[in-house]
Amino acid sequence: MLKHEVLKILESDARTTPEQIARMTGGLLDEVKQIIRDAELDRTIVRYKTVVNWEKVSNDRVEAIIEVKVTPQRDTGFDAIAKHIYNFPEARTVYLMSGTYDLAVLVTGKTMHQVADFVSQKLAQIEGVQGTTTHFMLKRYKEDGEVLAGAEEIQRQQVVL
């Protein structure tokens, strides 16, 4: 299906032009452009994204994954609490998860203290939040399918006995 092919190509590299996609898929240029336009309008394509290795740019960025245990709300389940959380600017990503915790929240801040303040002063204060566990990310090796620069393979010297 052409739509699926177009979306996979754009997911892999958002800079791919409609002309390039048409050549890659064998589809007609106007058809590819219409697929992209429709996908943008119905929010199948939500945003075009660039993966940045921030460790090469600055050290003033701390990321954490926060697991959140919540009590589902009557009539809305987890959605109302998730909405409350994803409206905070610190929350970059929010997922409903299976397992011990209900929500996973990716948070970005300038310092560990700033992230900790977000958890204690904002997140933990939400009605229905039973508990949280915070995991600070120490190093990113791969993101969105891309190995980040500086994550080269460890070179070991061969030993012959």
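Trainee: What percentage of the 161 residues of the protein count as buried?
Mentor: In this predicted model, 27% of the 161 residues count as buried.

Trainee: How does the radius of gyration compare with that of a compact globule of 161 residues?
Mentor: The protein has a radius of gyration of 21 Å, whereas a compact globule of 161 residues would be near 15 Å. Along the principal axes, the C-alpha atoms fill a box of roughly 65 × 55 × 35 Å.

Trainee: How many helices and strands are there?
Mentor: The protein contains five helices and six strands. In sequence order they follow the pattern α-α-α-β-α-β-β-α-β-β-β.

Trainee: And of the contacts between residues at least 6 apart in sequence, what share joins residues at least 24 apart?
Mentor: That share is 62% in the protein.

Trainee: Why does Arg43 count as exposed?
Mentor: Arg43 counts as exposed because its relative accessibility is 55%, and the cut-off for exposed is over 50%.

Trainee: What about Asp75, is that residue buried or exposed?
Mentor: Asp75 is exposed, with a relative accessible area of 77%. Asp75 lies in the loop between E1 and helix H4 (79-86), and its phi, near 75°, is a positive value in a residue other than glycine.

Trainee: On charge, how many positive and negative side chains does the protein have?
Mentor: There are 21 positive and 24 negative side chains, with the centres of the two sets 2 Å apart.

Technical notes: Residues are numbered from 1 along each chain as its sequence is written. This is a predicted model: local features need pLDDT of at least 70, side-chain atom pairs count only at pLDDT 80 or more; totals for chains, interfaces and linings use all residues. Side-chain values use heavy atoms; hydrogens and water are left out. Helices (H or I, at least four residues) and strands (E, at least two) are DSSP runs, numbered from the N terminus. The radius of gyration is taken over C-alpha atoms; the globule rule is 2.2 Å times the number of residues to the power 0.38. Buried means under 20% relative accessible area, exposed over 50%, partly exposed in between (1.4 Å probe, protein chains only). Contact means heavy atoms within 4.5 Å. Lys and Arg count as positive and Asp and Glu as negative; His and the chain ends are not counted. The place of a charge is taken as NZ of Lys, CZ of Arg, CG of Asp or CD of Glu.
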